[in-house]
Amino acid sequence: MTQYHETILVVEDDVQIRNFIVFALKSEGFSCITAGNAQTALKKLVSEQIDMVLLDLGLPDVDGMEVIRKVREWSELPILVVSARDQDKEKAAALDAGADDYLTKPFSATELLARIRVALRHLYRSALPKTQAVCQVGELVLDMEKHAAFMEEQPLHLTPMEFSLMSLFMKNPGKVLTTSYIIREIWGNGYGTDTQALRTLMAGLRRKVEKTPANPQYLFTEVGVGYRLRDV
Ligand code: CA
């Protein structure tokens with residue numbers, strides 16, 4: 001098993017949950033720095049060498065959402081939101097404020113580590129000099145230069161809009177993309193929040209990519225938040 005060496009800042013005021021997270025992370029080789037409130041978290045972010053942040057949204061002093069905005073003023077550090085609030089609106093708001101992903105309590109150590117792996121992979125991928133011309137997730141292959149898509153080596157005939165949407169997912173495998181983020185990326189800023197157009201586009205894409213669109217193996221719906229392409 002891979003042993004990690006990154007340092008993760010765990011921002012959580014609930015001591016039991018914090019201990020559980022730290023235990024799970026240390027068992028995989030991660031180093032942990034902890035903070036029980038937003039003020040301490042922001043101080044440690046400045047004074048310590050940190051690779052990633054695990055952030056509880058419900059903190060005793062400042063709302064976690066505010067921490068995301070502050071961090072994003074100066075850093076692209078991966079932020080994984082851990083929250084007891086399972087309201088879809090808050091998950092989407094956290095992602096739109098700049099968080100990379102979220103976990104809803106209660107969660108297992110396995111789920112936690114899977115999300116961390118995805119976030120770290122994105123961190124290292126974004127450090128690469130340029131994006132790859134050919135991307136692959138499972139049996140799905142996208143050739144960005146030739147604008148061609150393949151499933152199990154068979155060509156998929158995607159419309160230009162479907163191809164744009166698929167490339168957006170391929171650049172972010174395993175990562176949840178919010179509806180508003182996708183709309184902004186595909187249609188541009190002035191389009192507003194017409195989710196019907198996106199739903200129609202997604203349905204068309206799923207019909208081509210999925211064997212059984214009602215039971216997707218590639219493009220998953222994150223109810224009330226957005227969509228996620230599988231990780232590998
Ligand atoms: Ca809390």
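This is a predicted model: local features need pLDDT of at least 70, side-chain atom pairs count only at pLDDT 80 or more; totals for chains, interfaces and linings use all residues.
Where does threonine 178 sit? Its place is in strand S10. And is threonine 178 buried or exposed? With a relative accessible area of 4%, threonine 178 is buried, because the cut-off for that class is under 20%.

Strand S10 belongs to an open sheet of three strands, ordered S10-S12-S11 and paired antiparallel. On average, and ignoring direction, neighbouring strands here are turned by 30° against each other.

Let me go through the pairs. S10 and S12 are joined by three bridges in the antiparallel sense, and valine 176 has arginine 228 in S12 as its bridge partner. Helix H6, residues 160-170, packs on this sheet and touches S10, S11 and S12. The direction of H6 makes about 70° with that of S12.

On the other pairing, strand S11 (residues 219-222) and strand S12 (residues 226-229) run antiparallel over four bridges. Leucine 219 faces leucine 229 of S12 there. S11 and S12 make a hairpin with three residues between them. Which residue in that turn has a positive phi? That would be glycine 224, at about 75°.

Back to helix H6 for a moment. How many of its eleven residues are buried? Eight of them are, so H6 is largely enclosed by the rest of the structure. The buried residues in H6 are Glu162, Phe163, Leu165, Met166, Ser167, Leu168, Phe169 and Met170.

H7 lies across S10 and S12, and its direction is at about 75° to that of S10. H7 has a helix partner too: the axes of H7 (residues 179-187) and H8 (residues 195-209) come within 10 Å and cross at roughly 80°. H7 is therefore roughly perpendicular to H8, a label that applies because the angle falls in the range of 65 to 115 degrees. At their contact, Thr179, Ile182, Ile183, Ile186 and Trp187 of H7 meet Thr195, Ala197, Leu198 and Leu201 of H8. Sorted by class, the contact of H7 with H8 has seven nonpolar residues, two polar ones and no charged ones.

Strand S7 (residues 140-143) pairs with strand S8 (residues 148-151) in the antiparallel sense, over four bridges. Valine 141 has phenylalanine 150 in S8 as its bridge partner. Four residues lie between the strands of this hairpin, and histidine 147 takes a positive phi near 55°. S8 also pairs with strand S9 (residues 154-156), antiparallel over three bridges. Phenylalanine 150 turns up again here, standing opposite proline 155 in S9. The hairpin of S8 and S9 has two residues between the strands, and glutamate 152 in the turn has a positive phi of about 50°.

Now to the other open sheet. Five strands make it up, in the order S2-S1-S3-S4-S5, with parallel pairing. Its edges are strand S2 (31-35) and strand S5 (101-104), each pairing on one side only. Neighbouring strands in this sheet are turned by 20° against each other on average, direction ignored. Strand S1 (residues 7-11) pairs with strand S3 (residues 52-56) in the parallel sense, over four bridges, and isoleucine 8 stands opposite methionine 52 in S3. Helix H1, residues 15-26, lies across S1, S2 and S3 and runs at about 165° to S2.

Last stop, the metal. Which residues are the protein donors of the calcium ion? They are Asp13 (OD), Asp56 (OD) and Gly58 (O), lying 2.2 to 2.4 Å from the ion. Along the sequence, these donor residues are spaced D-x42-D-x1-G. Aspartate 56 is buried, with a relative accessible area of 3%, whereas glycine 58 counts as partly exposed at 29%.

Note on methods. Residues are numbered from 1 along each chain as its sequence is written. Side-chain values use heavy atoms; hydrogens and water are left out. Axes are lines fitted to C-alpha atoms, for helices over the stretch in contact, and angles run from 0 to 180 degrees between N-to-C directions. Angles under 35 degrees count as roughly parallel, over 145 as roughly antiparallel, 65 to 115 as roughly perpendicular and the rest as oblique. Contact means heavy atoms within 4.5 Å. Ala, Val, Leu, Ile, Met, Phe, Trp, Tyr, Cys and Pro count as nonpolar, Asp, Glu, Lys and Arg as charged, and the others, Gly among them, as polar. Donors are N, O and S atoms within 2.8 Å of the metal (3.2 Å for Na, K and Ca); water is not among the atoms, so sites may look incomplete. Buried means under 20% relative accessible area, exposed over 50%, partly exposed in between (1.4 Å probe, protein chains only). Two strands pair if DSSP finds at least two bridges between them.
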